[in-house]
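Me: I've got a model open and I'd like to know what the labels really rest on. Can you take me through it?

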Amino acid sequence: MGKIKFATTWLDGCSGCHMSLLDIDERILDVLSAADIVYGPLVDFKDFPQGVDVTFVEGAVSSDEDEEKIIKIRQNTKTLVSFGDCAITANIPGMRNYYPTKDIFQRAYFENADINHKTPLIGIPHLLPQTRPIHEVVTVDIFLPGCPPPADVIFFAITELLQGRIPDLTGKTRFGK
Amino acid sequence: MKKVSQIQTLVIDGKEVGGRHDETILQVARENDIFIPTLCHLDGLTEYGGCRMCIVEIKGMPRLTPSCTTLIREGMVVTTNSERIMEYRRGILALLFTERNHICSACVSNGHCELQGLALKLGLTHVEFPYIFPKMPVDATHDRFIADHNRCVLCSRCVRVCHEVEGAHTKDIMGRGITARIITDLMQDWGESKTCTGCGKCVHVCPTGALTEKGKSVAEMEKRRQFLPYLKLMRERS
């Protein structure tokens, strides 16, 4: 049997969940002995591959690019893990949801800018009207809350998944941290 | 004539227990170390029965019943944690999370919050209902306290403690259902209140980060509730 294909990525998040993933320290070697990391910020592959066994997605769905990415990831992933509070609740990125996007652009690119007063539109992803949790866009198999989830819980979840089990996360981590 | 307490016996989760006739199912369960989750209930305040976290099944009754407001009866058979009950409790919690903006990671009560604690305890890892993301006000007009309506669960503990214990009745609830909101006096800024004594009891009974002390950063707000059973006991004695 070949190694398990493992991918990670982030959408609208701060990368803190990936920092916490790196906090598993030398145990990442145990992960690598059972899995190949086929996509994500830890490795250098440009496109999301087909037939991935487990994907951890950090961050919420905030732009049309995020939306495209998460749909492609879902189509090519067996077990999708909603990784951290932004992915699960929209969390901090969701705090813009109380305002229309035009007000946000006004604030960011006009009120708070000294020069070049204009909203960038070319070559960048476009904001959706609201930031939404991943599971409101695609089906999610496992939820790993926390801001960020603790490294030990991340390692536990990965280990269980790599051995083909569904991790029981009851009581192990919560919204917030 | 002195009122005589009657002892009544009942079964909770298969365990034979007894209590006084004027005790609630919740009280008797707690005396017998049977866990029932609660949110609006707080020892020392009158029962409100609003949050529905403490619902239980009573044999012969089709509907689920809040255990905090239901008195025990002889021969009752009560179940506190069936799959049906747990599903309802998680559903109620999920609705509370969607109705306001409980962003735990950026909350002064992170780690000390009863809503967050219940989600952990009941295994709520995500919310199936779509989040509403309502735009809610924050009242920081008081010198020492903040009311953040983003984090309020309308448990009414603040209303009850202000009325029943402090005797000021500064806090109340305005509106209905999902649009209901805790108000100060006749919906005035807290800092302008003529009735608020500044005692801080409301802040310390609040289960979430809705009422907090100023000057606290993320996860720094720990509530102190020891005063409440003590005050109640001393008043009953005098």
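Me: How many helices and strands make up the secondary structure of chain A?

Reply: Six helices and seven strands. Helices (H or I, at least four residues) and strands (E, at least two) are DSSP runs, numbered from the N terminus. Along the sequence the pattern of chain A reads β-α-α-β-β-β-α-β-α-α-β-β-α. Keep in mind that this is a predicted model: local features need pLDDT of at least 70, side-chain atom pairs count only at pLDDT 80 or more, and totals for chains, interfaces and linings use all residues. Residues are numbered from 1 along each chain as its sequence is written, while chains are lettered from A and ligands numbered from 1 in the order in which they are written.

Me: What makes chain A as compact as a globular protein of its length?

Reply: The radius of gyration is taken over C-alpha atoms, and the globule rule is 2.2 Å times the number of residues to the power 0.38. For 177 residues the rule gives 16 Å and chain A has 17 Å, which is close, so chain A counts as compact in that sense.

Me: What percentage of chain A is buried?

Reply: Buried residues are 40% of the 177 in chain A. A residue gets that label if 20 or more other C-beta atoms, placed from the backbone, lie within 10 Å of its own. In chain B, 39% of the 238 residues are buried.

Me: How many residues does each chain bring to the contact between A and B?

Reply: Chain A brings 23 residues and chain B brings 17. Two residues are in contact if their C-beta atoms, placed from the backbone, lie within 7 Å. The chain A side divides into 10 nonpolar, nine polar and four charged residues. Ala, Val, Leu, Ile, Met, Phe, Trp, Tyr, Cys and Pro count as nonpolar, Asp, Glu, Lys and Arg as charged, and the others, Gly among them, as polar.

Me: Which domains does the assignment give for chain B?

Reply: Domain 1 (7-81) and domain 2 (86-237), with bounds from an automatic or database domain assignment. Their C-alpha centres lie 24 Å apart, and 16 residues of domain 1 are in contact with 20 residues of domain 2.

Conventions. A residue is buried if 20 or more other C-beta atoms lie within 10 Å of its own, exposed if 12 or fewer, and partly exposed in between; C-beta atoms are placed from the backbone.
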